[in-house]
Every structure is written in C-alpha cells, then in structure tokens.
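Please look through the sequence and the model shown here.

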Amino acid sequence: MHKRTLGELEVSALGLGCMGMSEVYGPIDDEESTRVVHRALELGVTFLDTADVYGDGHNEKLVGRAIQGRRDEVVLATKFGIREVVGGGEVRVDGSPAYVRQAVDASLGRLGVDTIDLYYLHRRDPDTPIEDTVGAMAELVEAGKIRHLGLSEVSSETLRRAHAVHPITALQSEFSLFTRGIASDQLPACRELGIGVVPYSPVGRGMLTGKALRDFAEGDFRRGLPQFQGENLERNIALADRVVGLAKTLGTTPVQVALAWLLAQDGHVVPIPGTKRIRYLEENAAAADVTLTADQLAEIDSAVPAEAVSGNRYTAAGMAAVNK
C-alpha cells in the first residue's frame with residue numbers, strides 16, 4: 001500500500017472507515033468486522049477511522065479490541081462532538097472546552113490506547129467559537145493524549161480560523177463523484193494551508209458499487225436520504241451505470257474507478273471507504289494501484305457531471321450541520 005501525508009502525518013493511501021461495523025448499514029457482526037480490520041492491516045491499510053457516536057461507543061470498543069497488541073501498526077483516528085442524533089438526522093453538537101476534555105478521556109478508555117493519532121471535531125458547535133474548541137484540542141496535544149487535530153464538515157472560513165489557533169492536519173468531509181461540494185471551496189483552502197483531505201462515503205454510500213440499491217436492510221439509514229428516494233434514486237442509478245460501463249473498458253471495478261478518481265484529485269487526499277466484508281476491503285485496497293490518465297479522468301467527469309446528481313446527501317436537518 002502506498003503512503004500519503006495529511007499535514008505532517010503519514011498514512012496509508014486508503015483508510016478504512018469503521019462506522020458501518022456498528023450501525024446504519026444493517027446487521028452487524030463483531031467477529032467478521034474484527035477479521036476485516038486484521039485483513040486491512042495485512043494489506044497495509046493502516047489508517048483506521050471511527051468516532052465516539054458510532055454505535056454509541058460500540059465502534060471504538062470494537063476497533064480497540066481489534067488492534068490490541070498491534071497498536072504500533074495503526075494510525076488511529078476518532079471523532080467527538082456529536083452528543084446525540086435525533087429524529088430526521090438532526091445532530092446535537094457540543095464543542096465546549098469542558099466537553100473536549102471529557103470526550104477524549106472516554107474515547108481513550110473505549111479504544112484502550114494512551115494516545116489518539118488524529119482527533120477530529122465531528123461537527124462544529126454553533127454555540128462555541130471554533131477558536132475555543134481548537135484551543136482545548138491543542139491542550140490535549142500538549143498533554144500527550146492526541147497527536148494531530150482534524151475537523152469534519154466545516155467551511156473554508158472555519159478551517160482558516162481553526163488553523164490560526166493550531167495546525168489542522170486533516171479535513172474530513174463527504175467527497176465522491178456524487179458529492180463534490182468541497183472541490184471549489186475547502187479543497188483549495190486545504191492545498192493552501194497544507195491540510196490533508198479525508199473523504200468519507202467515497203463511493204456515494206454504495207451508489208457507485210454498480211449494485212442497484214433499491215432494497216435496503218432493516219435499519220439501513222439510506223432509506224431516509226433524498227438521493228436514495230423515488231425519482232432521485234432512479235436518476236442516480238443511471239449515473240452510476242455509466243461508471244459501470246467505464247469500469248468495464250478500463251478492466252477494473254466501479255468502486256475502483258470511484259476511488260482512483262478521488263486519489264487523482266490531489267496527492268494529499270486519502271479516502272476512507274467503509275466495509276464489513278473482506279472481499280470488499282480487498283477490492284477497495286486494490287484501487288490504490290489504479291492510475292487514471294488525464295483523458296480517463298475527463299471521461300469520468302463527463303459521464304457523471306456534478307450537477308446531474310439528484311437530491312441532497314442528507315435530510316434538511318442533517319444538511320443544517322455541515323459545511324459550517
């Protein structure tokens with residue numbers, strides 16, 4: 001697995017998003033998920049991403065058990081700030097300095113580690129100045145509890161204000177062929193400031209897998225997302241089918257096309273595709289070896305124009321918390 005840098009932090013070129021091992025994408029299986037983490041490490045996918053809110057702490061505990069005895073092999077990222085997800089996708093966020101200190105100790109305990117490599121504010125707290133939140137996070141660096149700071153789903157303005165307080169290593173945001181909002185705002189700011197970009201949901205929450213997503217398992221939160229409903233879903237599947245066609249001509253898979261496209265956007269972009277299955281993990285990891293030419297990238301952009309994607313990525317309540 002190739003390496004890339006986020007700020008001054010070296011990570012594998014692709015990471016592993018662990019959220020789905022605990023919630024939102026249907027049934028979970030801790031034993032299988034643990035095998036996925038172990039196989040990821042074997043493949044050199046050593047950048048693991050979790051959060052305290054995933055499964056109400058379950059995901060951090062799962063990842064912590066999976067890396068027990070192998071901590072030195074892992075670049076461990078987790079997030080804090082979302083205290084509760086309420087009806088309709090609305091989130092209740094706390095970025096107060098007191099909660100920063102409380103949350104990190106709880107995460108360290110669940111993960112079973114002494115230090116977190118990359119600690120993100122999951123969503124910006126509208127009631128706490130970003131300078132205060134980042135200042136408290138910087139104190140955690142001085143205390144040796146975390147090594148690097150990250151922000152998730154913030155605007156370029158917030159990013160600049162935060163970076164002025166303490167260097168920000170990475171911005172995590174949804175970014176894929178189906179969600180390209182950061183390309184014109186946050187991505188240029190990250191290049192300027194030397195901040196890495198960590199795209200989550202890099203294959204469009206499964207839309208770009210080449211599988212027609214019309215029937216979801218019980219508990220799958222995509223049921224409530226605008227992009228996966230009614231006419232929006234049919235239009236988006238038609239776009240995804242174009243990627244399937246391109247993948248056939250390239251001799252690769254749609255997922256690998258989607259990930260290789262992201263990797264080509266900037267040398268400091270590190271996608272974190274999530275999976276609960278080893279076969280999908282192996283498919284994802286192989287995308288790091290797919291190199292797209294300028295002509296192929298242009299063809300992909302033409303096949304899936306950003307403005308052609310139908311529906312918002314979150315409900316109205318969920319959208320209210322992003323890019324702040």
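The model is predicted, so local features are given only where pLDDT is at least 70 and side-chain atom pairs only at pLDDT 80 or more, while totals for chains, interfaces and linings use all residues. Residues are numbered from 1 along each chain as its sequence is written, and side-chain values use heavy atoms, with hydrogens and water left out.

Helices and strands are DSSP runs numbered from the N terminus, where a helix (H or I) has at least four residues and a strand (E) at least two. Two packed helices are described by the angle between their axes and the distance between the axes. The axes are lines fitted to C-alpha atoms, for helices over the stretch in contact, and the angles run from 0 to 180 degrees between N-to-C directions.

Begin with helix α1 (residues 30-43) and helix α2 (residues 58-66), which pack at an angle of about 55 degrees with their axes 9 Å apart. That angle makes α1 oblique to α2; angles under 35 degrees count as roughly parallel, over 145 as roughly antiparallel, 65 to 115 as roughly perpendicular and the rest as oblique. The crossing of α1 past α2 is right-handed. A crossing is called right-handed if the near helix is turned clockwise from the far one by less than a right angle, and left-handed if anticlockwise. On the α1 side the contact is made by Asp-30, Ser-33, Thr-34, Val-37 and His-38, and on the α2 side by His-58, Leu-62, Arg-65 and Ala-66. Contact here means heavy atoms within 4.5 Å. The residues of this contact of α1 with α2 divide into three nonpolar, four polar and two charged. In that division Ala, Val, Leu, Ile, Met, Phe, Trp, Tyr, Cys and Pro count as nonpolar, Asp, Glu, Lys and Arg as charged, and the others, Gly among them, as polar.

Which residues of α2 are buried? They are Asn-59, Glu-60, Leu-62, Val-63, Gly-64 and Ala-66. Buried means under 20% relative accessible area, exposed over 50%, and partly exposed in between, with a 1.4 Å probe and protein chains only. The buried residues of α2 pack against α1, β4 (47-49), β5 (75-80) and α3 (97-111).

The crossing of α8 past α9 is right-handed. Val-255, Gln-256 and Leu-259 of α8 meet Glu-283, Asn-284 and Ala-286 of α9, and the residues of this contact of α8 with α9 comprise three nonpolar, two polar and one charged.

Thr-275 sits in the loop between α8 (254-263) and α9 (278-286). With a relative accessible area of 10%, Thr-275 is buried. Its side chain reaches the backbone nitrogen of Arg-277 at 3.1 Å. Leaving aside residues up to four places away in sequence, Thr-275 touches several residues, including Leu-16, Val-36 and Asn-284.

Glu-153 lies in the loop between β9 (146-152) and α5 (156-165). Is Glu-153 buried or exposed? Its relative accessibility is 0%, so Glu-153 counts as buried. The side chain of Glu-153 makes a polar contact with the side chain of Tyr-200 at 2.6 Å and reaches the backbone nitrogen of Glu-174 at 3.3 Å.

Arg-124 is in the loop between β8 (116-121) and α4 (130-142). At 21% relative accessibility, Arg-124 counts as partly exposed. Its side chain makes a polar contact of 3.0 Å with the side chain of Thr-158. Arg-124 and Asn-323 are 199 residues apart in sequence, and their C-alpha atoms are 8.7 Å apart in space.

Finally, consider backbone angles. Most residues other than glycine have a negative phi. Val-24, in the loop between β3 (16-17) and α1, has a positive phi of about 70 degrees although it is not a glycine. Ser-201, in the loop between β11 (196-200) and α7 (230-250), has a positive phi near 50 degrees. Ser-201 is buried, with a relative accessible area of 14%.

Terms used
Polar contact = N/O pair within 3.5 Å; in protein donor to acceptor, adjacent residues only side chain to side chain.
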